[in-house]
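Here is a short briefing on side-chain contacts. Please have a look at the sequence and the model first, and then read on.

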Amino acid sequence: MFAVGPSTMSIPNEALQKLALEIESQAQSAQREINIVKTAVFAKQRDIRMLELTSSEVKSLDKDTKVYQGVGKMFVFSPMADVEKRLSSETSELKSDISNLNKKLHYLETTQKNSIQHIDKIMQSGGRF
């Protein structure tokens with residue numbers, strides 16, 4: 001029986017190249033996803049700022065002020081309480097979406113970092129594991 005230590009085992013160059021390409025592809029895919037998620041987070045943060053601005057404007061009005069909201073191509077009268085409730089609901093929903101996107105972003109960044117570390121490890125070891 002032969003004992004094979006971790007430093008004596010090597011991978012053929014062809015298999016090593018294939019493995020490196022797969023890991024590189026995974027890293028590139030993660031980077032694309034990271035860019036998409038960051039863009040989505042930015043858009044949702046912008047929407048939250050707009051909703052908060054609208055909410056502060058609505059709250060500064062007298063309670064008797066008629067408030068209209070767009071419905072398709074029309075504007076419909078809505079009670080001030082309903083408008084404030086809708087704005088608050090949309091804001092909390094967007095904050096929840098951002099939280100979920102940040103979790104996904106963390107996962108993708110970890111995946112990309114690990115992929116890069118694996119590629120570096122392969123390059124440094126020269127195919128010996």
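In which helix do E90 and R86 both lie, and how many residues apart are they? Both are in helix α2, four residues apart, which is about one turn of the helix. Before the details, a word on the ground rules: this is a predicted model, where local features need pLDDT of at least 70 and side-chain atom pairs count only at pLDDT 80 or more, while totals for chains, interfaces and linings use all residues. Residues are numbered from 1 along each chain as its sequence is written, and side-chain values use heavy atoms, with hydrogens and water left out.

**Salt bridges**

- The count comes to five salt bridges, each being a side-chain nitrogen of Lys or Arg within 4 Å of a carboxyl oxygen of Asp or Glu.
- As background, side chains of opposite charge can pair when their charged atoms come close.

- Helices here are DSSP runs of H or I with at least four residues, numbered from the N terminus.
- E90 is partly exposed at 31% relative accessibility, a class that lies between buried (under 20% relative accessible area) and exposed (over 50%), using a 1.4 Å probe and protein chains only.
- R86 is partly exposed too, at 33% relative accessibility.

- A salt bridge joins the side chains of E33 and K104, at 3.8 Å from N to O.
- E33 belongs to helix α1 (residues 13–59) and K104 to helix α2 (residues 80–125), so this pair ties together parts that are 71 residues apart in sequence.
- E33 is partly exposed, at a relative accessible area of 30%, and K104 is partly exposed at 40% relative accessibility.
- K95 and E52 also meet through their side chains in a salt bridge, at 3.9 Å from N to O.
- This pair links distant parts of the chain, with K95 in helix α2 and E52 in helix α1, 43 residues apart.
- K95 is partly exposed with a relative accessible area of 45%, and E52 is partly exposed at 39% relative accessibility.

**Aromatic contact**

- Searching the whole structure turns up one aromatic pair.
- The ring centres of Y68 and F77 are 6.0 Å apart and their planes stand at 70 degrees, so the pair is edge-to-face.
- For reference, rings of Phe, Tyr and Trp (its six-membered ring) pair if their centres lie within 6.5 Å, and planes under 30 degrees apart count as stacked, over 60 as edge-to-face and the rest as tilted.
- Y68 is partly exposed, with a relative accessible area of 47%, and F77 is partly exposed at 44%.

Technical notes: Helices (H or I, at least four residues) and strands (E, at least two) are DSSP runs, numbered from the N terminus.
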